[in-house]
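Dear colleague,

Please find below the structure that I am handing over to you, together with its sequence. My notes on it follow directly after.

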Amino acid sequence: MKKIILFLAAVAMLLASCAEKEAFTITGKVPNGKYDGQQVFLQTLAPNWKDKVTVDTANVVDGQFVFKGLAKEGPTIHFIVLDESPEFIKPALVVVEAGNIKLSLDSINTVEGTSLNNSYQMFMSSLQNLNNDRKVLADRAKADTTSANLKALKEESKQLNDKAKEVTFDFVKANIGNQLGAYFLANRSYMLSLDQMKELSANVKPEYKTSESIQKIDARIATLDATSIGKAYTDLKGKTPEGKDAALSDYVGKGKYVLVDFWASWCPPCKEETPELVKLYAAYKDKGLEIVGISLDDNNAEWIAGIKDLKITWPQISDLKRWDSALSAAYGVNSIPHLVLLDKDGKILERGLTAEQAAVKVAELLNKK
């Protein structure tokens, strides 16, 4: 009997030790003490990684709230949401892992205290700093519109964007073996190149591959691979602004280089780029260039108005489904403007060009003696 009691005591001590190693505490603060009595929700990701499920609640007392529990499944992504939250306080991402986690809910959320939360906070702070620098450049651009200065500011802005992409890739790569890295691969893939996505996706843990978000990334990788440089173009079919059937194949393979312009009348960067395309089309439409606009509009009247306002004279095709468009999906386009250059036979020469880059490339091709 004594041996049984000693055995049970040892088991209890072992279980207590394991529980202690898995224990987490999240201590959160909200600003100004205005939210005492409100509930705070601890939510986990649903299997599709899009929806969220509440797993615990706490009350705000003296401007603070506390969650405690066991991180039995290892580090997992959760979100903390303040009930009746003002618009400026967004849900805060936190990695539930063993240890003491400190969280501040405010206009900019901050989290610290454990390895993955510290890593996540450093990443978000880096992106925030780069975003602040971009805002400074935007203000300078508004104040000084001389062409020479605007060109320099655009180059500075591009360098900041490139740095943000680099920081994102490095963060995801460092964490691709856990849920944090896989989650940001799914949600920041638009900042990554095809080769980077391939590299990262290959290292996602099998248990995360079943999520809808990761499956969509893998599908997008396949689409981008099928429409990468050197591949034959994928045909696109839709309607003209007048409602007539039209296809990209109506223009490809007709003895001209074809610049496919994914754009929309509601897209400010598209409006900024279009004047360069207007000049390009005027210079080369009779020398072997065709431009075909693939619009992500969802309102036909606004689409027509945008064409008129921007002085667009090249052919247009759309299915009027905005980001649900099968046309943009066929090329894996998830940001606009996006230019794809096809050769005279329909092979993809370049993609992801700016209007300025497209102008240089077209001039090289059509000014050859």
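Two strands are taken to pair if DSSP finds at least two bridges between them. Helices (H or I, at least four residues) and strands (E, at least two) are DSSP runs, numbered from the N terminus. The model is a predicted one, in which local features need pLDDT of at least 70 and side-chain atom pairs count only at pLDDT 80 or more, while totals for chains, interfaces and linings use all residues. Residues are numbered from 1 along each chain as its sequence is written, and side-chain values use heavy atoms, with hydrogens and water left out.

I begin with the hairpin. Strand E2 (residues 39-45) and strand E3 (residues 52-59) run antiparallel and are joined by seven bridges. Thr44 has Val53 of E3 as its bridge partner. Six residues lie between the two strands of this hairpin, and Trp49 in the turn has a positive phi of about 65 degrees.

Leu42 belongs to E2. Its relative accessible area is 4%, so Leu42 counts as buried (under 20%; exposed is over 50% and partly exposed in between, with a 1.4 Å probe and protein chains only). Beyond its neighbours within four places in sequence, Leu42 is in contact (heavy atoms within 4.5 Å) with residues including Val53, Val55, Phe67 and Phe79.

The next item is an open sheet. Its four strands follow the order E4-E1-E7-E8, with mixed pairing. Strand E4 (64-70) and strand E8 (110-112) are the edge strands, each pairing on one side only. From one strand to the next, the twist averages 15 degrees; axes are lines fitted to C-alpha atoms, for helices over the stretch in contact, and angles run from 0 to 180 degrees between N-to-C directions. Strand E1 (residues 23-29) and strand E7 (residues 99-104) run parallel, joined by six bridges, and Phe24 stands opposite Gly99 in E7. Helix H2 (residues 115-143) packs on the sheet, where H2 touches E7 and E8, and its direction makes about 145 degrees with that of E8.

Lastly, I turn to helix H10 (residues 355-366), which has twelve residues. The buried residues of H10 are Ala355, Ala358, Ala359, Val362, Leu365 and Leu366. Seen down the helix axis, these buried residues fall within an arc of 130 degrees, so they line one face of H10; the arc is that of the directions from the helix axis to the C-beta atoms. Among the elements that cover them are helix H7 (268-284), strand E12 (289-295) and strand E15 (348-353).

With kind regards

Key
Expected span 1.5 Å × (residues − 1).
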